[in-house]
Amino acid sequence: MVLPAIQVRDLRKRFRKRRRLRKATASAEWALGGVSFDVAPGETYGLLGPNGSGKSTLIRILSTLLIADGGEVRVLGHRLPDEQTRVRRLIGRVSVDAAFYKKLSARENLLYTALLYGLKPSVAEPRAMDVLERLGMEERTFTVPLEEMSRGMQQKISIARALMINPPVLLLDEPTTGLDPKSRRDVQTFLEDLRRREGTTIVLTTHDMAEAERLCACIGFLAHGRLVAEGTSELLKRAAEAATLDDAFIKLTGERVTDGETPAAAAKES
Amino acid sequence: MDGAIDRTLRQTWAFVFRGYHLTRRYISWVIVFNFYALTGSAAVALIGVAAHDHRLTLTLVVGALLWNFLSTLYNEIAMSVAYERWEGTLEYTFMAPVPRFVHLAGLSVFALCNSIVITTSVLLGLMLFTDITLAGANLGGVIVVLLASTLAFVGLGVMAAALPVLSPERGAEATHIFQGSLLLVSGVYYPVEVLPAWIQPISALSPATYTLAACRRLVGVGDPATTPHRLAGAPLATVVPELVVLLVMGAALVPLGLWVFGRVERWAKHTGRLKRTG
């Protein structure tokens, strides 16, 4: 029996909101209210949901940046947060905002990451270069400060940063949001190729239904911190008796992916 | 074993590498801050020159140099989290598999290098504004005292670095309040005896008080044998009590700083504070 690469059981998290001159009080709504799912080794698992549904909270817990209030998370058998140091060696993360030292060049940012992970720059740099080439970037851009690059280029470097450490698990939090169609396609093709060649386990959050259908073997619909449906895109469409994944999402969750968020839901994510 | 040591050394080096390249890219701001440090120090030292008082000038010069060194060291470490919030890189640093001790050690190594460069440039600049000589000063002893006080200031810096984790909005402000308080109570430009009686006990808690007292003695401030042309620096043995206090403070403050930082980091992971940008 093959153990799941990622196991999430009854995961719960809620944030406390501070009121002036009062002690922090727990938010009434759960950011994650008992989420459970498995991701098989080498599988790409898609998490779909509107802003505020708990996608980023889930990715942050898997990234060791948040500690859950309850439930259990295991990454390649290692339990969080107890074995967070081991898990950190196994995961790469790409977030929606390409968080870099904007004044530094791509090369300087990538070498810094390599050193931070204890890698030899001579080993990590060719790996990053290879990723960037496969993403369609030219070598000369390596020395350009990040602040002079387009968002698409920055996001590609963000992917190179996550992959230069050669992680068996990749956490992608809306990696293609805000990219132009060409860059989006480059990234999607690269991710397909990566899973095929390296067998990397990927958790992908996205608003883009077409992207989820293209990349994900299994898709989970997240709404109000709960996993309301899970399965292949065909299964979800059949279950909802819908022609498209978009329709299936609306039927199964009762909301729209992109513009259905309420201010309260959006605030929960912030 | 060798692999683990190599990895730790590379991880420590990462923070020096980053600091060096950020300094290079922000070089115009670095020059501006250095210029401001120099003019501020020169303005203070010239009070002694105007009074035609060599002892006062020497007291002020030593105070200015040591404060530049200690405050740069403290500030670089204390503001490291705030800088990362501004850059938006905090989450990536905190999710890297770097033990927090190695992370903070790397920051401290860069902070120490930075402090040495800034203090040296201020010293060279002050020599243009005053006729202070270093001949006769126990410079070796001064370096020993500075190294001993570095540990205590690293501990204070690490504790203060936790403040911007605790509160993205107020944390950076609080680190400056703390730094200002150290300046006030440590006798940087005046003897602590001139402070109001109710503040004087606090000065005993500041490592800078002992650093300044020891370094002034090692440079020869207050020694009747000191002349404008030759200083009468005391031997290192005369500052052993201050050295012991500084080492004890360092031995207590470094682990305490790491413990505080660890607790605050865990709290931030429970409350989601790591995500918020400053």
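## Aromatic pairs

Over all chains of this predicted model, the count comes to eight aromatic pairs, where rings of Phe, Tyr and Trp (its six-membered ring) pair if their centres lie within 6.5 Å, with planes under 30 degrees apart counted as stacked, over 60 as edge-to-face and the rest as tilted. B:Tyr74 and B:Phe178 form a tilted pair, at 6.0 Å centre to centre and with 45° between the planes. Because B:Tyr74 lies in helix H3 (residues 54-78) of chain B and B:Phe178 in helix H9 (residues 171-185) of chain B, this pair ties together parts that are 104 residues apart in sequence. Helices (H or I, at least four residues) and strands (E, at least two) are DSSP runs, numbered from the N terminus.

Residues are numbered from 1 along each chain as its sequence is written, while chains are lettered from A and ligands numbered from 1 in the order in which they are written. Local features need pLDDT of at least 70 and side-chain atom pairs count only at pLDDT 80 or more, whereas totals for chains, interfaces and linings use all residues, and side-chain values use heavy atoms, with hydrogens and water left out.

## The six-stranded sheet of chain A

Chain A holds an open sheet of six strands in the order E8-E9-E10-E5-E11-E12, with mixed pairing; two strands pair if DSSP finds at least two bridges between them. Strand E8 (91-94) and strand E12 (226-231) of chain A are the edge strands, each pairing on one side only. From one strand to the next, the twist averages 15°. Helix H1 (residues 55-62) of chain A packs on this sheet, touching strand E5 (44-48), E8, E9, E10 and strand E11 (218-223) of chain A (contact means heavy atoms within 4.5 Å), and its direction makes about 150° with that of E9(A). For such angles, axes are lines fitted to C-alpha atoms, for helices over the stretch in contact, and the values run from 0 to 180 degrees between N-to-C directions.

Within the sheet, strand E9 (residues 169-173) of chain A runs parallel to strand E10 (residues 201-206) of chain A and is joined to it by five bridges, with A:Val169 standing opposite A:Thr201 in E10(A). Helix H8 (residues 233-240) of chain A lies across E11 and E12 of chain A, running at about 110° to E12(A).

## The four-stranded sheet of chain A

Another open sheet has four strands in the order E4-E1-E6-E7 (chain A), and its pairing is antiparallel.

Five bridges join strand E1 (residues 6-13) of chain A to the antiparallel strand E6 (residues 70-75) of chain A, and A:Val8 stands opposite A:Val73 in E6(A). H1(A) packs on this sheet as well, touching E1, E4, E6 and E7 of chain A, and the direction of H1(A) makes about 120° with that of E1(A).

## Helix packing

In chain B, helix H11 (residues 207-219) and helix H12 (residues 240-271) pack at an angle of about 150°, with their axes 9 Å apart. H11(B) and H12(B) are therefore roughly antiparallel to each other, since angles under 35 degrees count as roughly parallel, over 145 as roughly antiparallel, 65 to 115 as roughly perpendicular and the rest as oblique. H11(B) passes H12(B) in a left-handed crossing (left-handed if the near helix is turned anticlockwise from the far one by less than a right angle, right-handed if clockwise).

Helix H7 (residues 139-161) of chain B packs with H12(B) at an angle of about 25°, their axes being 7 Å apart. That makes H7(B) roughly parallel to H12(B), and the crossing is left-handed. By class, the contact of H7(B) with H12(B) has 19 nonpolar, four polar and no charged residues, where Ala, Val, Leu, Ile, Met, Phe, Trp, Tyr, Cys and Pro count as nonpolar, Asp, Glu, Lys and Arg as charged, and the others, Gly among them, as polar.

## Backbone features of chain A

A cis peptide bond, with omega about 0°, joins A:Leu80 and A:Pro81, and A:Pro81 lies in the loop between E7 and helix H2 (84-90) of chain A. A:Asn166, a residue other than glycine, has a positive phi near 55° and lies in the loop between H5 and E9 of chain A.
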